[in-house]
Amino acid sequence: MAIMAHTPISCGTRGVPRVFRPSSSAILLSLALAIPASGDAQTYAPAGLDPVTSAPEMPDGSTETPFPAPVESAPVVTLDILSAADVTLEQFLWTNRVLVIFADTPADPRFIKQMQIIEQWPRDLSDRDVVVVIDTDPANGSAVRKTLRPRGFSLVLVDKDGTVKLRKPSPWHSREIARSIDRTPLRQDEIRERIDDQSAG
């Protein structure tokens with residue numbers, strides 16, 4: 001698995017409506033009904049519709065759109081994945097939580113599994129100001145590796161104040177990581193502040 005130094009993950013949500021594909025006969029029938037004999041399809045509109053606005057006038061003088069409004073696309077979730085060779089833990093103090101994933105090689109099945117989990121469920125981490133830092137090269141001796149001193153595969157969570165909150169020797173689901181974050185004092189403070197801001201607003 002090749003990981004760029006700065007790799008944002010984008011993730012949509014479920015529930016995308018299935019695309020309706022009419023048959024060719026239905027298309028021909030629609031065209032026959034929609035286009036008048038003159039063949040002037042550009043200015044044609046059904047009776048009661050203005051060919052420019054295509055909005056019928058109601059008895060009270062108002063108009064309504066004859067077609068449903070387009071559905072807004074789902075918000076994109078972005079989660080940064082950074083190389084340990086390019087960062088230090090100090091640069092994230094009081095701004096981000098750091099989820100560090102160590103392995104002795106990118107071919108480690110545990111590393112591959114952990115990255116798959118993160119890519120499939122990034123929102124649990126993104127909502128909690130988490131950045132992901134990976135280190136699969138022990139010979140490189142990154143500053144992050146020297147600080148945390150992992151052995152083989154290791155998942156380490158560093159809070160915003162620089163303290164280590166979690167160490168795991170096997171892959172963990174993003175939701176479990178999120179639950180661990182939510183139990184920390186800093187996260188509890190963030191939740192209370194958010195509730196206070198909503199109440200004040």
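1. Lys160 and Glu190 form a salt bridge, with their closest N and O atoms 2.8 Å apart. A salt bridge here is a side-chain nitrogen of Lys or Arg within 4 Å of a carboxyl oxygen of Asp or Glu. Lys160 sits in the loop between β5 and β6 and Glu190 in helix α6, so this pair ties together parts that are 30 residues apart in sequence. Helices (H or I, at least four residues) and strands (E, at least two) are DSSP runs, numbered from the N terminus.

2. A word on the source. This is a predicted model, in which local features need pLDDT of at least 70 and side-chain atom pairs count only at pLDDT 80 or more, while totals for chains, interfaces and linings use all residues. Residues are numbered from 1 along each chain as its sequence is written, and side-chain values use heavy atoms, with hydrogens and water left out.

3. Lys160 has another partner. It forms a salt bridge with Asp129, the closest N and O atoms being 2.8 Å apart. This pair also links distant parts of the chain: Asp129 is in the loop between α3 (123-126) and β4 (130-135), Lys160 in the loop between β5 (154-158) and β6 (164-168), and they are 31 residues apart. Lys160 is buried at 9% relative accessibility, whereas Asp129 is partly exposed at 32%. Buried means under 20% relative accessible area, exposed over 50%, and partly exposed in between (1.4 Å probe, protein chains only).

4. Glu190 also pairs with Arg97. The closest N and O atoms of this salt bridge are 3.3 Å apart. Glu190 is in helix α6 and Arg97 in strand β3 (residues 97-102), 93 residues apart. Both ends are buried: Glu190 has a relative accessible area of 17%, and Arg97 has 1%.

5. Now the network. The salt bridge count comes to eleven. Bridges that share partners join Arg97, Arg128, Asp129, Asp159, Lys160, Asp182, Arg187 and Glu190 into one network.

6. Thr184 deserves a look. It is found in the loop between α5 (174-182) and α6 (185-200). Leaving out residues up to four places away in sequence, Thr184 touches Arg97, Asp159 and Lys165. Contact means heavy atoms within 4.5 Å.

7. Helix α5 has a buried side. Its buried residues are Ser174, Ile177, Ala178, Ser180 and Ile181. Seen down the axis of α5, they fall within an arc of 160°, so they line one face of the helix. The arc is that of the directions from the helix axis to the C-beta atoms.

8. Phe111 is in helix α2 (residues 109-120). It is buried, with a relative accessible area of 1%. Phe111 and Phe153 are 42 residues apart in sequence, but their C-alpha atoms are 6.9 Å apart in space.

9. Last, the whole chain. The protein chain has six helices and six strands, in the order β-α-β-β-α-α-β-α-β-β-α-α. Buried residues make up 29% of its 201 residues. Of the contacts with a separation of 6 or more, 72% join residues 24 or more positions apart.
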